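Subject: Structure handover

Hello,

Here is the structure for your files. My notes come after it.

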Amino acid sequence: MNELNQDKNLVRWETPRDLALAGGFRDVLPGDCLPPGYQPTPMDICSGRGKKHWTLPGNVQFRNFIQGRVQDYFDAPTKMDKSSIVVGIVRDLRLQGCQFLKETNGRWYEMGDAQARDKVGHSLRDQVSAINKHKGVPK
């Protein structure tokens, strides 16, 4: 077992996932889920369709956060620049303590960085599309 002294509290790495989380990246292992009965917190960004997920406090905050960054994404001249913005948003949200979650068969799973980037990118593209539709800009 590895140990890290952080703020005088010992953090024990029991699994490779714990070590990955301590390093700040989230490559979630298949079948890695949150404890039974877990309920999303206001810091959790939950994937899923319908009003149930749309109204969760973490998702409302996520949409507001995305709205604040959509102009940067819209103005980015290249695909690489847009990708950098997406990666930065995922990083910023994780540093604030947010988790990206998905519910399957009644259990919550933490999404890896690739799925989180997909969710952020999709949300940004939806916002750009809505702006263009409002302005009457053709696709």
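Predicted model: local features only at pLDDT ≥ 70, side-chain atom pairs only at ≥ 80, totals over all residues.

Residues are numbered from 1 along each chain as its sequence is written, and side-chain values use heavy atoms, with hydrogens and water left out.

The largest pocket holds about 600 Å³ of space. A pocket here is an open set of points on a 1 Å grid over the protein atoms alone, where a 1.4 Å probe fits and protein lies on both sides within 12 Å along at least five of seven lines; its volume is the space filled by probe spheres set on the points, which are joined across faces, edges and corners. It has 19 lining residues (an atom within 4 Å of a point), and Ser47, Gly48, Lys119, His122 and Asp126 are the closest to its centre. Strand E3 (44–47) and helices H2 (51–54), H3 (57–75) and H5 (113–135) each give two or more residues to the lining; helices (H or I, at least four residues) and strands (E, at least two) are DSSP runs, numbered from the N terminus. H5 gives the most, with 7 residues.

The axes of H3 and H5 come within 9 Å and cross at roughly 70° (lines fitted to C-alpha atoms over the stretch in contact, with angles from 0 to 180 degrees between N-to-C directions). The two helices, H3 and H5, are therefore roughly perpendicular (65 to 115 degrees).

Regards

Definitions and conventions. Parallel < 35°, antiparallel > 145°, perpendicular 65-115°, else oblique.
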